[in-house]
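Notebook open, viewer open. I want to go through a handful of residues one by one and jot down what turns up.

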Amino acid sequence: ANATPESVPKRAQVVEYLRQFTYHATALDAYLRCPLKFYYRYVLGLKEKEEVAGDIDSGDVGSFVHDVLKLFFKDLIGTQLKPSDLEERRLKAIIDRQYTEWFGEEDTGARHVLKQQVRSQLERFLIQHQLPLCLNETVTLLELESKIPRLALNSFVFSGKLDRVERRGEKIYIIDYKTGGDEKWLGVNFEKLVVDQRETWGEAVNSLQLAMYAMLYAESRNERIEKIVPAYLMLGRNRFDEKMEVKLFDDPLVARSQYDQLQAVIFGLLE
């Protein structure tokens, strides 16, 4: 049987290292799920061995989709999104070009199916989500793949990369693309979260990613948190409607108090 791993004493040298560490959402989520996994990965620097393989894994697909969407929308930054901007032919050309750069010239078998699936999903995303959105609201793209390299808060240093930031009316949406379709491992159950009870954090909080993005954006752009709407955009969904956007805060009336709870969890974990 596998033995239960022993805890690792936190020596003064490690404490100092953690004080200087630049924290990002992936690292903090790893610590939330398993402090020992965080220690192995981010303190000792251990990684799984990378092997050369012919198959395309899900991480490659996600990065490829992010790249395609960045190229498709990059010339629209600072402008109001219009139906004429959502040209399927231009999307197809970008997919074909970038696919060759990412995965090579081979376009047969499983690779061909993958390219067709990506093309089909992103075309549906444009027609069934982006088009109705820009017809019903005033949408202005503000940032794409923007990096926040180092931001000091409460004696800790944070970093992050925001897939997409846009203004809709008076609200600022921070959008994080997810190529999957299931958000159950991403959300927060505020009914189970009790900030002053550490044992509830792991069960109630599946990810601190959106909370960190909201915090980083508010602090780095001097923006009020009440105006920010952090949301996942589930690109792997079968249905492309308003429900494919999974917002961190369901009720805007309590968004501020829920954000304060998650911020307390973030700094509580770090302490």
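Below are my entries, starting with the ground rules.

**Ground rules.** I am looking at a predicted model, where local features need pLDDT of at least 70, side-chain atom pairs count only at pLDDT 80 or more, and totals for chains, interfaces and linings use all residues. Numbering runs from 1 along each chain as its sequence is written, and side-chain values use heavy atoms, with hydrogens and water left out.

**Entry: the charged patch.** I looked for positive charge on the surface and found a patch made by K70, K74, R97 and K147. Patch members have over 30% relative accessible area and no salt bridge, with like charges joined within 9 Å; a salt bridge would be a Lys or Arg side-chain nitrogen within 4 Å of a carboxyl oxygen of Asp or Glu. The areas are Shrake-Rupley with a 1.4 Å probe, and I place each charge at NZ of Lys or CZ of Arg. I then picked K70, which sits in helix 4, residues 58-73. Helices here are DSSP runs of H or I with at least four residues, strands are E runs of at least two, and both are numbered from the N terminus. K70 has a relative accessible area of 37%, so I log it as partly exposed.

**Entry: D241.** What does the side chain of D241 reach? I get the backbone nitrogen of K243, at 2.9 Å. There is also a polar contact of 3.4 Å between the side chains of D241 and R239. By polar contact I mean N or O atoms within 3.5 Å, one able to donate a hydrogen and the other to accept it; residues adjacent in sequence count only if both atoms are side-chain atoms. D241 is in the loop between strand 5 (228-234) and strand 6 (245-247). Its relative accessibility is 16%, so D241 goes down as buried.

**Entry: positive phi.** Most residues other than glycine have a negative phi, so I checked for exceptions. E145, not a glycine, has a positive phi of about 50°. E145 belongs to strand 2, residues 139-153, and is buried at 14% relative accessible area. N222 is not a glycine either, and its phi is positive at about 55°. I find N222 in the loop between helix 8 (209-220) and strand 5. Buried or exposed? N222 is exposed, at 73% relative accessibility.

**Entry: L144.** Strand 2 also holds L144, which is buried at 12% relative accessibility. I took its C-alpha distance to Q128, 16 residues apart along the chain, and noted 21 Å.

Key
Patch = residues over 30% accessible without salt bridge, like charges linked within 9 Å, V, L, I, M, F, W, Y side chains within 5 Å. Lys, Arg positive; Asp, Glu negative; His and termini not counted. Buried < 20%, exposed > 50% of the residue type's maximum accessible area, 1.4 Å probe, protein only.
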